[in-house]
Amino acid sequence: MKPADVIERILRVDHAGEYGAKRIYEGQLAVLKNAPSTPTIRHMAEQEKQHLAAFDKLLPERRARPTLLGPLWHVAGFALGAATALLGEKAAMACTEAVEEVIDAHYSRQLETLEALAAEGKAEPELAALIEQFRAEEIEHRDTAREAGAQEAPAYPALSQGVKTATRAAIWLSERL
């Protein structure tokens, strides 16, 4: 794959992921409204909005198209957030933990890809720095969710595995479509 195609794929999937994360938090906040976890969720949602804004800017600058699945992620992200929040605050946190665990690994792979491009003389230092910053914030979200009792959620193993599987599928599809 040509370096330009690799970068377009990275931008497309990351834009889709940040959009999906924004919608997950919107779904959680719609259900949890004034729950004790609401300020924490709002803080994470604000960071996701900043991530999305960065990719909103990069897509046209780099002439990369967004995923064709945006309408699906609009509905699916909100539904996932609302559904987990309906199970309670700990389930909402389990959703966050699972998504962010997958995203940490995803961003790490992207950073390795960007390092390989740099070794070939096709460096993307600004993009790599942005992804590293966002990765650190996603790890913070994962850790916050764990501290808030994510692993105490009802049916935690099944819930976590289901969210991780859905997140991996969304990444795979968004990279390609």
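**Pocket lining**

I began with the largest pocket, where I found that H1 gives the most to the lining, with eight residues. I kept in mind throughout that this is a predicted model. The space in the largest pocket comes to about 400 Å³. I then listed the 24 residues that line the largest pocket and noted that the closest to its centre are Gly17, Gly20, Ile24, Thr167 and Ala170. Sorting the lining by element, I found that H1, H3, H4 and H6 each give two or more residues to it.

**Helix H6**

H6 runs over residues 156–176, and its 21 residues reach 30 Å from the first C-alpha to the last, close to the 30 Å expected at 1.5 Å a residue. I checked burial along H6 and noted as buried Tyr156, Leu159, Ser160, Val163, Lys164, Thr167, Ile171, Ser174 and Glu175. Seen down the axis of H6, these buried residues fall within an arc of 125°, so they line one face of the helix. The buried residues of H6 pack against helix H1 (3–32), helix H3 (70–86) and helix H4 (89–119).

**Nonpolar cores**

I turned to the largest nonpolar core, which has 42 residues, and noted that Leu11, Phe55, Leu114, Leu127 and Ile131 touch the most other members. The elements that give two or more residues to this core are H1, helix H2 (38–61), H4, helix H5 (125–147) and H6. H4 supplies the largest share of this core, 13 residues. Apart from this core lies another, of five residues, among them Ala16, Tyr19, Leu52 and Trp73. I also followed Leu11, which, not counting residues up to four places away in sequence, touches Phe55, Leu58, Leu59, Arg62, Ala64 and Leu127.

**Gln110**

My last entry concerns Gln110, which lies in helix H4. Is Gln110 buried or exposed? Gln110 has a relative accessible area of 5%, and because buried means under 20%, I recorded this residue as buried. Leaving aside neighbours within four places in sequence, Gln110 is in contact with Ile10, Val13, Asp14 and Ile131. I also looked up Glu126, 16 residues apart from Gln110 along the chain, and found their C-alpha atoms separated by 13 Å.

Methods:
Residues numbered from 1 in each chain as written. Predicted model: local features only at pLDDT ≥ 70, side-chain atom pairs only at ≥ 80, totals over all residues. Heavy atoms only, no water. Helix = DSSP H or I, 4+ residues; strand = E, 2+ residues; numbered from the N terminus. Expected span 1.5 Å × (residues − 1). Buried < 20%, exposed > 50% of the residue type's maximum accessible area, 1.4 Å probe, protein only. Arc of directions from axis to C-beta. Contact = heavy atoms within 4.5 Å. Core = buried A, V, L, I, M, F, W, Y, C linked by side-chain atoms within 4.5 Å. 1 Å grid on protein atoms, 1.4 Å probe; cavity = no way out; pocket = protein on both sides within 12 Å on 5 of 7 lines; lining within 4 Å. Points joined across faces, edges and corners; volume = space filled by probe spheres on them.
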